[in-house]
Amino acid sequence: ALAFTAVLALAGCASTGCASTSLAETWVTPSLTAMPHFKKVFVAYLGGDASAQRSAEDALAEHLKGTEVVKCYELYPDTLALAPARIDPERVKSDLRSRGCDGAVILRLARVEQEISWSPSTYPAHYHSFGGYWGAAYPSSMDVRTDEIGHVETNVYSVADDQLLYAARSE
């Protein structure tokens, strides 16, 4: 399961274009003793950007080794990214089962927040003598940085059982 969570973090990162990713929260269904080895997995990124959908699904598919992957954007071109309300979940489940999918991984960008940080600019230290300090005691400029933190929800389902097995939120 640890390798699988790393894949989920990478997939979340692909959908947000991040510099670093960590799992903030995870949940596993209490009856699950080991993550099943799916033979064929449906992967989907639900969001409003078709390009992000393709990037996230491609990245996830690349990291899911030893299993066949069905990408949502290939099965339902741009429909989920652009108009998810048009998709009937029962039809999707039926389609996936008829294609032999036994697992599904669904990603969703839950929110993006901004974090502002600052630090004083560096300047040469003139502290070698008592008098040197006085000349350097002036307000310095600040380096200000704004980081965007994307929160990606990832859910892993057993298609055969129609059951949520694992959920995570990565940042």
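1. Start with R169 and E171, whose side chains form a salt bridge with the closest N and O atoms 2.9 Å apart. The term salt bridge here stands for a side-chain nitrogen of Lys or Arg within 4 Å of a carboxyl oxygen of Asp or Glu. R169 counts as buried at 16% relative accessibility, while E171 is partly exposed at 33%. For these words, buried is under 20% relative accessible area, exposed is over 50%, and partly exposed is in between (1.4 Å probe, protein chains only). E25 belongs to the picture too: salt bridges with shared partners join E25, R169 and E171 into one network.

2. A word on what you are looking at. This is a predicted model, in which local features need pLDDT of at least 70 and side-chain atom pairs count only at pLDDT 80 or more, whereas totals for chains, interfaces and linings use all residues. Residues are numbered from 1 along each chain as its sequence is written, and side-chain values use heavy atoms, with hydrogens and water left out.

3. Now follow the other charged pairs; the count comes to 10 salt bridges by this rule. One of them joins K93 and D162 (2.9 Å, N to O). This pair links distant parts of the chain, since K93 sits in helix α5 and D162 in the loop between β5 and β6, 69 residues apart. K93 is buried at 19% relative accessibility, but D162 is partly exposed at 45%. Another pair, R91 with D95, has its closest N and O atoms 3.7 Å apart. Both residues lie in helix α5 (residues 89-98), 4 residues apart, about one turn of the helix. Helices (H or I, at least four residues) and strands (E, at least two) are DSSP runs, numbered from the N terminus.

4. Two strands pair if DSSP finds at least two bridges between them.

5. Look next at individual pairings. β4 and β5 are antiparallel over 17 bridges, and L109 stands opposite V152 in β5. β5 and β6 are also antiparallel, over 7 bridges, with N155 partnered by A167 in β6. Their hairpin has 4 residues between the strands, and there D162 takes a positive phi near 50°. β1 pairs with β6 in the antiparallel sense over 5 bridges, and L23 has S170 as its bridge partner.

6. Why is β6 largely enclosed by the rest of the structure? Because 6 of its 8 residues are buried. In strand β5, T154 is buried as well, with a relative accessible area of 1%.

7. Finally, the nonpolar cores. A nonpolar core is a set of buried Ala, Val, Leu, Ile, Met, Phe, Trp, Tyr and Cys residues joined through side-chain atoms within 4.5 Å. The largest has 15 residues, and V41, V43, L60, V105 and L107 have the most contacts inside it. Two or more residues each come from β2 (40-46), α2 (50-63), β4 (103-120), β5 (142-158) and β6 (163-170). A second, separate core of 13 residues includes A44, V70, I106 and V159. In soluble globular proteins, nonpolar side chains tend to be buried together.
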